Each structure stands twice: as structure tokens, then as C-alpha cells.
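Good morning, and thank you for joining. Please take a moment with the sequence and the structure before we turn to the strands and helices.

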Amino acid sequence: AAAGAERLGLHTLGDLIEHVPVAHEFRAGRQVKQLKGGEEATVEVELRSISIRPTRRRNLSIVEAVVSDDSGSIKAVWFNQPWLAKQLEPGTHLRIFGKFRSGALQVREHAVIAASGEASQAGTVSVYAGTEGFKSQRIRELVEATRPGVLDVIEPLPGRLRAAERLMGRADALAEMHFPRDQRSGDAARERLAFEDLLLHQVALGLRRRRRSEGRAALALQAE
């Protein structure tokens, strides 16, 4: 995870907060019996059994598990994550997100949760640019852990300018990007951050042009 964060240029909590999502996904919350073919959904289940299924392909490993909730049982499948067969034990409670296909839930993300259940992640979820060993789910978990730090970001835009352009504050914009309430607020947050990036870029170009202009000495005229 540390190597992955290094590749993404994430060295501090501030870097993590500034690593805004590349997209937002709506994830429907379902019970097992409600899953439909081709649908992507989140289910909260208990792990009943788990094993590795042999395959003929060297570069493919499949972990199969039987999971259940109050409505019934279903098969969950992970690809190329053989360590999960030892990591996850029967009786573990999981939140699973994936696509229901061919009678099984093909898992994209999972998280261990308390037996009593936690706040469901059904709804709008942030998707981050990740890398090997440091995927979107891990980034989302760390961002959630540093959520109070969003309030400490520096506001570079004067209040008068924000009022004139009807822009939200920087802390609010980052909070909406990471933890979107709805599509409208997410769009407003993205507009605010894009405005800031363009403005600061133009200011930087203006300062560079002024330094170049001031550094050019006029040629002295020779008297005849």
C-alpha cells in the first residue's frame, strides 16, 4: 500500500484529501433474493464457506464462497485473489459490491463489517484513481478516516470572488467530492475546484510574463 501511495504521489494526509475522485457511482443496496442478472449491487452478508476452485489456466485463480442474509444464500466469486481463502473465515460479516451474473455475485470490492452491521454504502460512492496494491476501495477507506482534516484546507479564493461567482468554499467542495450527497452538489463541487485550478493557472502565467517583461533591459541608444 505504501508503494502504491508513493506511485500516486500521496505522501501526506493533505495529498490524500487533494486526491479527488475521478467519478461517482450509484450503488443499489439489495438483499440476496432481490439480485437480478447483470445488475451491480451491494449486499451485506455472512460468510458460510470459502474455497479455491482449481482452473486449467495458470494465470487464473478463482475463490468461491457461499454467503447469506435473511433472504437467502448465494455464491460470491473473487478472481485472482487466492489469499482470501485463508484471510476470510466462516462467520465473517461482509459488505460486498459486484455484478450478479450466471447465478453468482462477481465481487469487485468487499469489506469486513461488524456483525450488527454498519451504515450501508448503498447510494453514491466515490471512485478513485488507484494503482497496484492501492486500489480505489483502500483510498476511500483512508479518506473516510481523515474526513475531519477536510475542514483544515486553506481557502485561496477571496470571499467577494466566491460570492460573485456563486462558488462554494474549498472545504465544502472537497467534502462534496469525497462524500457526495447527490449529483447536483457533486457537480457544484467539481465546478468550484475547476474554477480554482483555471484561475490559479492564469495567475501563474501572468506572473511569469511579468517577470520576463521586467527582466528585459532596454538597449541604450548611442548618441551620434
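Predicted model: local features only at pLDDT ≥ 70, side-chain atom pairs only at ≥ 80, totals over all residues.

**Strand pairing, a hairpin and a helix contact**

Residues are numbered from 1 along each chain as its sequence is written, and side-chain values use heavy atoms, with hydrogens and water left out.

Helices (H or I, at least four residues) and strands (E, at least two) are DSSP runs, numbered from the N terminus. Two strands are said to pair if DSSP finds at least two bridges between them.

The bridge I opened with belongs to strand 2 (residues 40-53), and strand 1 (residues 23-29) pairs with strand 2 in the parallel sense over two bridges. Strand 2 also pairs with strand 3 (residues 62-69), in the antiparallel sense over seven bridges; L47 has V67 of strand 3 as its bridge partner. With strand 5, strand 2 again forms an antiparallel pairing over seven bridges, and here E40 stands opposite K99.

Moving on to strand 6, eight bridges join this strand to strand 5, and the two run antiparallel. F100 is the residue opposite L105 of strand 6. L105 is also the bridge partner of A76, and strand 4 (residues 72-79) pairs with strand 6 in the parallel sense over three bridges.

What phi does S102 take in the hairpin of strand 5 and strand 6? The hairpin has two residues between the strands, and S102 takes a positive phi near 55 degrees. Most residues other than glycine have a negative phi. S102 lies in the loop between strand 5 (93-101) and strand 6 (104-112). Its relative accessibility is 75%, so S102 counts as exposed; the term means over 50% relative accessible area, while buried means under 20% and partly exposed lies in between (1.4 Å probe, protein chains only).

R166 also has a positive phi, near 55 degrees, and is not a glycine. R166 sits in the loop between helix 5 (159-165) and helix 6 (170-178), and is exposed, with a relative accessible area of 80%.

Why is helix 6 described as largely enclosed by the rest of the structure? Because seven of its nine residues are buried. They are R170, A171, A173, L174, E176, M177 and H178.

Helix 6 packs against helix 7 (residues 183-214) at an angle of about 130 degrees, with the axes 8 Å apart. Axes are lines fitted to C-alpha atoms over the stretch in contact, and angles run from 0 to 180 degrees between N-to-C directions. The contact (heavy atoms within 4.5 Å) is made by R170, A173, L174, E176 and M177 of helix 6 and by S185, G186, A189, R190, R192, L193 and E196 of helix 7.

Leaving aside neighbours within four places in sequence, M177 is in contact with V20, P21, H24, S126, G186, A189, R190 and L193. M177 and E141 are 36 residues apart in sequence, and their C-alpha atoms are 15 Å apart in space.
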